[in-house]
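Here is a short report for a reader who is new to this structure. Start with the sequence and the model below, then follow the headings.

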Amino acid sequence: MKATTWLGGTNFEFGDVADPDVGPDDVLVRIGTVGVCGTDVHITQGLFPSTPPKILGHEASGEIVDVGQNVNRDRIGEMVVLNHSTSCGECENCRTWTVSRCERNTQVAAFFAELASVPAVSAVPVLTGLDVEIASITEPASCCLSGVSRLRIDDGAAGLVIGGGMMGLMTAAFMKTHGVETVAMSEPVAFRRDFAAQLGVDVFHDPAESSLDDFVADLTKGRGLHIAAEAVGKAGLVAKCVELVRPRGQVLMIGVAPVGAPLPVDLYDMQYREVVLQSAFGRGEVFHRTPGELAKLNLDGVISARYALEDTPQAIKDSGEGKGVKLVIKPNG
Ligand SMILES: [Zn+2]
Ligand SMILES: [Zn+2]
């Protein structure tokens, strides 16, 4: 099969590699669509730990074209989204923390390729009503859904999301479908605000136009937000969220800050107002139900550009420059 192999830094090699082995409990998937993720960008910038040579890509959908001997052959032809790592459900982390941190997990993602072999349980059927290409955003969306599922949502709640990248957009959309009455977004780029409006976001702040403090004061009559989510990955913005929530308000960390980043907050103020700092990292327990949650959203246009497999480096570069909402690779044309 053809694949794009990451060689370190911003170097990639496109060409033939061996087809993946299909174990007895595996399915072989012809990758239709694979999203470019901020993590892929960060890996090529040395900001996220990863060791080359490696086939990257962990947000994929496609069609099952073969199955291992223990898997029902009826699954051939099924359209699926792929979970990029396995979990055992039995270890201490799976039982008491999250399946995203399974101690026996295997990373199965190598999706910038024509074919991928994954355990049958990691290939989740795409529901009718959800476009299979759009379903490729299941993995990033599941991380946001996991975060939103951890929030306490009060009647009449006002929530804010800082950052309208893919993670901010999905966090805002799920806040809305999970009962946050007023969802606001702070985002400087107009087309991202437009897309957020399509997903149900009610009000917008443009940081180039006004101060976020004034915006939130107006929105909440000076009371502060029930929920403030940071979806950029900047410590200063997480600290800003702490300032902007009301007493016992909740701050949700969705963006991933660099390793070692300190949180510059007034701890006395945070403690006095009994602010809750909530965080989310990974799909948690919600991957299987994410396609159903996505089917409730108007995601038309979420895919901004499609690239051939050999153009993976260009897609990663464009993604790093903030072009489009979601950029995807089409390994099989
Ligand atoms: Zn990702
Ligand atoms: Zn486990």
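## Two helices side by side

α6 and α7 are roughly parallel to each other, a label for angles under 35 degrees; angles over 145 count as roughly antiparallel, 65 to 115 as roughly perpendicular and the rest as oblique. Their axes come within 11 Å and cross at roughly 30°. Here axes are lines fitted to C-alpha atoms, for helices over the stretch in contact, and angles run from 0 to 180 degrees between N-to-C directions. Helix α7 covers residues 235–244. Helices (H or I, at least four residues) and strands (E, at least two) are DSSP runs, numbered from the N terminus.

α6 passes α7 in a right-handed crossing. On the α6 side, the contact is made by Leu-212, Asp-213 and Val-216. On the α7 side, Lys-240, Glu-243 and Leu-244 take part. Contact means heavy atoms within 4.5 Å. By class, this contact has 3 nonpolar, no polar and 3 charged residues. Nonpolar covers Ala, Val, Leu, Ile, Met, Phe, Trp, Tyr, Cys and Pro; charged covers Asp, Glu, Lys and Arg; the others, Gly among them, count as polar.

## How the model is read

This is a predicted model: local features need pLDDT of at least 70, side-chain atom pairs count only at pLDDT 80 or more, and totals for chains, interfaces and linings use all residues. Residues are numbered from 1 along each chain as its sequence is written, chains are lettered from A and ligands numbered from 1 in the order in which they are written, and side-chain values use heavy atoms, with hydrogens and water left out.

Helix α3 (residues 138–149) packs against α4 at an angle of about 45°. The two axes are 9 Å apart. α3 and α4 are therefore oblique to each other. Their crossing is right-handed.

From α3, the contact draws on Pro-140, Ala-141, Cys-143, Cys-144, Leu-145 and Val-148. From α4 come Met-167, Met-170, Thr-171, Phe-174 and Met-175. By class, the contact has 10 nonpolar residues, 1 polar residue and no charged residues.

## Salt bridges

Side chains of opposite charge can pair when their charged atoms come close. The structure holds 19 salt bridges, each a side-chain nitrogen of Lys or Arg within 4 Å of a carboxyl oxygen of Asp or Glu. One of them joins Asp-202 and Lys-176, with the closest N and O atoms 2.7 Å apart. Asp-202 lies in the loop between α5 (190–198) and β10 (203–205), and Lys-176 in helix α4 (residues 166–177), so the pair ties together parts that are 26 residues apart in sequence. Asp-202 is partly exposed at 38% relative accessible area, and Lys-176 is partly exposed at 25%. Buried means under 20% relative accessible area, exposed over 50%, and partly exposed in between (1.4 Å probe, protein chains only).

Arg-193 and Asp-206 also meet in a salt bridge, at 3.6 Å from N to O. Arg-193 sits in helix α5 and Asp-206 in the loop between β10 and α6 (212–219), 13 residues apart. Arg-193 is buried at 18%, and Asp-206 is buried at 16%. Arg-273 pairs with Asp-269, their closest N and O atoms 2.9 Å apart. In that pair, Arg-273 is buried at 15%, whereas Asp-269 is partly exposed at 27%. Lys-317, Asp-318, Glu-321 and Lys-323 are linked in a network of salt bridges.

Glu-114 lies in the loop between α2 (92–96) and β6 (115–119). Its relative accessible area is 22%, partly exposed. Beyond four places in sequence, Glu-114 touches residues including Met-1, Val-29, Leu-309 and Asn-332.

Is Gln-250 buried or exposed? Gln-250 is buried, with a relative accessible area of 3%. Gln-250 belongs to strand β12 (residues 245–253). Among its contacts beyond four places in sequence are Leu-151, His-226 and Val-276. Leu-7, in strand β1 (residues 2–8), is partly exposed at 43%. The C-alpha atoms of Leu-7 and Pro-52, 45 residues apart along the chain, are separated by 5.2 Å.

Definitions and conventions: Left-handed = near helix turned anticlockwise from the far one by under 90°.
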